[in-house]
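Biologist: I am new to this structure and would like to go through it by question and answer. Please show it first.

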Amino acid sequence: MDKITVEPSELIIKTHCFRICIESASYEPPRIPWVVEKHSHNSYEMHFITKGKGTLLLDNERYELEKGIFYITGPSVFHSQISDDNNPMEEYGINITIRQIKDDIASDVDALLKKICENPFFIASDDFGAAAWCGCILEDILNVEAAADECIKALTTALLISVGRKISGAHTKIRKTNNNRPNMMRVLDLCLRKFTTNISASEVASSMFISRRHLSRIMNEVYGMSFSKKIASMRVSYAKELLKSSTLSIQQIAEKSGFSSSQIFCKTFKKITGITPREYKKSCS
């Protein structure tokens, strides 16, 4: 099965205190390479790993992912994910917004939804079969069978109840990868945020008080790529947003994204995405 992300027509679940909107459901097949760049959303992403292995990077923490693990990343939780090339992951996901509209908790469902909102990051074992529910939600959105909307809302409600129960009572702890470099990683993160400048690996290594060779090992361990490829990837990701949302010229976008020329920008963009910046902009219009 190929990668799938589907957005249903507006599906709203209402309780006494909360308004929930189902934004999308997705399926990510095993593939090489599979690296999700650092990002965040204004919604709650629920990820369910059904095959393979990988690593979740969250601030200065690393979590091992494997079959049977699920995790939530809520609003403003910056995270990235790397699949294991030797045992690529498969993942089902659902993306929802949860908005509290009243303060008085009137039911057990409201209390469980509040628990989810109070834990914008949570990771544990999917021992309640939610990955299968995500598959059913995805199938109903795709096939639009009789009473599909009601089925999707019922499955999503059941999923949220089970996740809320897990958060309320779970004591399962997921193994973190040893990482004794929190301050070093904070410096690296701050340096990478300067991706639109003419920053070099030598400068970053110097800021971290390590050698370039040591920096190279860290980049491969944390991001699965070299420093230069990571910077290029971040610049292209930024350029994609500008191509979608601005009227700037290709030359201006190249400059704002940190490329020394539009020629290098176009060459790098096509190498990473498979299409030119103009083709990408046209596909977004």
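**The open sheet**

Modeller: An open sheet of 4 strands runs in the order E4-E9-E6-E7, with antiparallel pairing. The model is predicted, with local features taken at pLDDT of at least 70, side-chain atom pairs only at pLDDT 80 or more, and totals for chains, interfaces and linings from all residues. Residues are numbered from 1 along each chain as its sequence is written, and side-chain values use heavy atoms, with hydrogens and water left out.

Biologist: Which are the edge strands of this sheet?

Modeller: Helices (H or I, at least four residues) and strands (E, at least two) are DSSP runs, numbered from the N terminus. Two strands pair if DSSP finds at least two bridges between them. An edge strand pairs on one side only, and here these are strand E4 (35–39) and strand E7 (61–66).

Biologist: What is the average twist from one strand to the next?

Modeller: Axes are lines fitted to C-alpha atoms, for helices over the stretch in contact, and angles run from 0 to 180 degrees between N-to-C directions. From one strand to the next, the twist averages 15°.

Biologist: Which residue in E9 is the bridge partner of Leu57?

Modeller: Strand E6 (residues 53–58) pairs with E7 in the antiparallel sense over 6 bridges. On that side, Leu56 stands opposite Tyr63, and Leu58 stands opposite Glu61. E6 also pairs with E9, in the antiparallel sense over 5 bridges. In E9, the partner of Leu57 is Ser80.

Biologist: How many residues of E6 are buried?

Modeller: Buried means under 20% relative accessible area, exposed over 50%, and partly exposed in between (1.4 Å probe, protein chains only). E6 is largely enclosed by the rest of the structure, because its buried residues number 5 of the 6.

**Strand E3 and the cores**

Biologist: Is Ala25 buried or exposed?

Modeller: Ala25 lies in strand E3. Contact means heavy atoms within 4.5 Å, and beyond four places in sequence Ala25 has contacts including Ile4, Val6, Ile94 and Ile141. Its relative accessibility is 1%, so Ala25 counts as buried.

Biologist: What is the relative accessible area of Ser26?

Modeller: Ser26 lies in strand E3 (residues 18–28). Leaving out residues up to four places away in sequence, Ser26 touches Ile4, Thr5, Glu91, Tyr92, Gly93 and Leu138. Ser26 is buried, and its relative accessible area is 15%.

Biologist: What separates the C-alpha atoms of Ala25 and Met46?

Modeller: A nonpolar core is a set of buried Ala, Val, Leu, Ile, Met, Phe, Trp, Tyr and Cys residues joined through side-chain atoms within 4.5 Å. The largest has 36 residues, of which Met46, Ile96 and Val163 touch the most other members. Beyond four places in sequence, the contacts of Met46 include Tyr71, Ile94 and Leu160. Ala25 and Met46 are 21 residues apart along the chain, and their C-alpha atoms are separated by 9.5 Å.

**Helices and loops**

Biologist: Why are the buried residues of H6 on the same side?

Modeller: In helix H6 (residues 212–222), the buried residues include Leu215, Ile218, Met219 and Val222. These four are on the same side of H6 because their arc around the axis, taken from the directions from the helix axis to the C-beta atoms, is only 100°.

Biologist: Which helices do the buried residues of H8 pack against?

Modeller: In helix H8 (residues 250–257), Ile250, Ile253, Ala254 and Ser257 are buried. They lie on the same side of H8, covering an arc of only 105° around the axis. The buried residues of H8 pack against helix H7 (227–245), helix H9 (262–273) and helix H10 (277–284).

Biologist: Is Ser76 buried or exposed?

Modeller: Ser76 is placed in the loop between strand E8 (69–73) and strand E9 (79–83). Its phi is near 65°, a positive value in a residue other than glycine. With a relative accessible area of 54%, Ser76 is exposed.

**Confidence**

Biologist: Over which residues is the pLDDT below 50?

Modeller: pLDDT is the predictor's confidence in each residue, from 0 to 100. The protein chain averages 86, and 93% of the residues score at least 70. Where pLDDT is low, the predicted coordinates should not be read in detail. The stretch with pLDDT below 50 is residues 170–182.
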